[in-house]
Amino acid sequence: MSKIMKKNNLNSYIIIGIILLTIPIIVSIVGSLMSIHNPLETDALNKLQEPCVKYLMGTDDVGRDIFTRVTIGIRVSLLIGLSVTLIGTALGMCIGIISAYYKKTEKILMRIVDGIMAFPTIILAIVLAGILGAGTKNIIVALSISYIPTLARVTRNATLEVLSKEYVESAIVLGKSDIYIIFNYIVPNILSQVIVQITYTFAMAILHESILSFLGVGIKVPTPSLGGMVNDGRNYISIAPWVITFPGLTISWIVLALNMVGDGLSEWLNPRRKNRG
Amino acid sequence: MIRYIFKRLLHSIPLIIAITIISFFIVHWMPGDPIRTMLGDKAPEEQVVRMREELNLDKPLYEQFQIWLKELVRMDFGESIMWKESVVQIVKSRIEPTFLLALIGIIISVLLGVPLGIVSARVHGKIMEKILSVLSLLSISLPAFWIAIIMIQIFGVKFQVFPVAGYHTIENFGILIALKDLMLPGLVLGIMHSGQIGRMTKASMLEIMKQDYLKTARASGISEHIVLNYYALKPALTSVVVVIGFSFAALLAGAVVIEQIFNIPGIGNLTITAILNRDYPVIQVVLLFIAIIFIIVNIITDIVCAFINPKVRYENE
Amino acid sequence: MDKILDIKNLTVKVNIGKNELKIVDNISFALSSGKTVGIIGESGCGKSITALSILGLLESNIQITYGTIDIEDICVSNLPVKELRKICGKKVGMVFQEPMTALNPVFTIEQQMLAPMKVHMKISKQEAKNRCIKLLKQVGIKEPELILKNYPHQLSGGMRQRIVIAMAIACNPSLLIADEPTTALDVTIQLQILRIIKKLVKQNKMSLLIISHDIGVISMLAEEIIVMYAGEIVEQDSKDNILKYAQHPYSVKLINAALELQNNSEKLTIVEGSVPRPGENIVGCKFAARCEFCTEKCLSEKPPTILKENSIGKVKCWKYVKD
């Protein structure tokens, strides 16, 4: 059956998601290469300009070019999302595998994980970011800590499932070293489940970063951030709707694309088992 | 059943201990000098020292933890730095709007999400499924704060159907006015969470549709309509309850942002204000409060599940 | 003699991605009223699919692409679901392989047993309940009143299978289909369940279609045996003829292997190789690759199904084709 499964075409969600994702990335790169505006430069004469050829997405309340700020915002969001995902996954996977593999560590590690999980992710992130203070580095730390428990849980459950398989049991009985078993049996077999979780984490990190920046505990002003721009434009929505429209659309676009990839991957990598004939 | 409830309560004790420790350390193990950041660089040194003494921050960590435990036992957490009022009083006064908001949110998201999930599972493999799945994807992907601002503009400013911001307490203005204030934020909160509920409901419905016992029912001649709406739905209910319980926590978190935008004086609004002003005693208590609510919701979810599905009860007794 | 079940040229295909695979390939057989027929074959040979297609219980990605199925002269293979359900349970009862999952975990046994009676029989609730108790007694349950109040998880696998059987015969069907009814049970329980089925079939004058990979089960219940291989019927004949004078090389090997196992023989014959995968392109006989009598013709041309010399049985093998 495995042959047939592989022939099963790459899920359309993955392809659409990746295409959707490349568009803001290209816009961000091209935009910053050919930028004619300074993202921080205020211009009292050109406040709240409508989108036009000179200002592709218009200007905000102090006359800054929104398009330039969006391109930088995309870069900042992706950078934070990627860092958080990498750090969170690395630590989460370690905790998950260790707590599943070394039963003695389980009680302490999982208690801590459960304890942290009792705080809703975004609230924990807001509190941590608020205490650490605004800034890219602090957001990365705050979000990573908030995501580790979920990633640890997913990894742990996947690891426990793999550990119960006969081929791993036999490897343990044969006296293979722990490191060997972890890297040759456990990691490759939990990867498909973890990858899906990683994609969702990436999407969530970008969404949460925008929330933090919107609330004012995220990226330090005046560095452009998509969430912060929505907050800036709030008061001008009736007269200048473009100020919040473009940053908001960009966040939605990126998060939607990543979630689509996640959905596609989860269907492609972990297909529901067909019934026997 | 009573034995199950008792056991479930007993199980949550270590978790409660863990969260009391965590909510203490989150605030106390952070780098930097909180008093300095709170008062600003220009504040005179003696004011900083006095403040530090007031908040017991000059004592070693273990003594501070003892003080925290004593406070916990007495349910008295001192005064807020910002408001100079009892922290417990402040938190208490903020519960009402948040609770109501979460309630409206959960009702709307369940009313939208559960049918969405059931219908999506029914049309599995058809074009309709794709359309519905994109809808629920949108609901989990769009930033709620952005949607909230747009909704305020449309329904609050343009059509003036709902008040745009603020909250009138039940005590002073009656429940109807309070509910009217929370209608639009509740709607946004509900719509933004319906996608998650829909997705989880769909997944559990699809799982149940594969079960052998539906085959047995069909083979004995039960009509498809009854198989789907009775034989499949009741076991699915267990998972739906879990989904709702799970979403409640997410919803409560979502309320933090929504309250901020609609300027509703609830727990979420309090959290943000306390954080922005570094009101540590308040932050600590709010964190603890939210985590305890989360645990209580989990316990209730488990008990309701055990009530619906006798198997869960049996396995745990 | 009326035909209670008549399957003609049944072909079933499964869609996996864009591929369409034949899992049941042009099979025909009939079941006269009061008769018992057993289908035997290795797992994956299409036995269960055949059974499920009779009641229209195939998964959505599996379809009948050719052929007809008649139950008491009603063609059910292209009947709308609504009409088909009127036959399910009333004319045909079915017992499944996995008693642990065949009953709904959130309903009591009583609720689950009453439902089909409510659909098919015009009787009062009290009558229906009395009938439940009677049925449970028939399948050898000692305290039926007590059991009715239970949920499935409170009962053992053997008990649950008895209840599934009781449900299957609740509305006096004229045909009982049992798909591996004992495979998931303990060996000690298996015999009890088989005896119950045998007794009930005789008492209620039902026809029985029993499906199993176990020749012991089949020979205990069936008067006629159908041997299936890779979605095809390779041989069909009376029980005695199959057991003693099997003709198709596959049947011979299958029965020898079972007999050796029974006699604790030291040397076990192994049928070399494995069943070809569905979708594998085989021009000739599907068993050719594992057959010791394989000739050129077997590899290049599909064998015809021919009537045996005893003029009751049929076999699908070039070996018995006379030029």
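Predicted model: local features only at pLDDT ≥ 70, side-chain atom pairs only at ≥ 80, totals over all residues.
Started with strand β7 of chain C (residues 175–179): five of its five residues are buried, so the strand is largely enclosed by the rest of the structure. By buried I mean 20 or more other C-beta atoms within 10 Å of the residue's own, with C-beta atoms placed from the backbone. Helices (H or I, at least four residues) and strands (E, at least two) are DSSP runs, numbered from the N terminus.

Residues are numbered from 1 along each chain as its sequence is written, and chains are lettered from A in the order in which they are written.

Next I checked which way the side chains go. L175(C), I177(C) and D179(C) point one way from β7(C), L176(C) and A178(C) the other way.

Then the neighbours. β7(C) pairs in the parallel sense with strand β6 (residues 92–95) of chain C over four bridges; two strands pair if DSSP finds at least two bridges between them. L176(C) is the bridge partner of G93(C). I also found five bridges from β7(C) to β8(C) (residues 207–212), again running parallel, with L209(C) as the bridge partner of I177(C).

Last, I looked at the A/B contact. Chain A and chain B put in 36 residues each, in contact meaning C-beta atoms, placed from the backbone, within 7 Å. On the side of chain A that touches chain B, α10(A) gives the most, with nine residues.

Notes: Contact = placed C-beta atoms within 7 Å. Buried ≥ 20, exposed ≤ 12 C-beta atoms within 10 Å, placed from the backbone.
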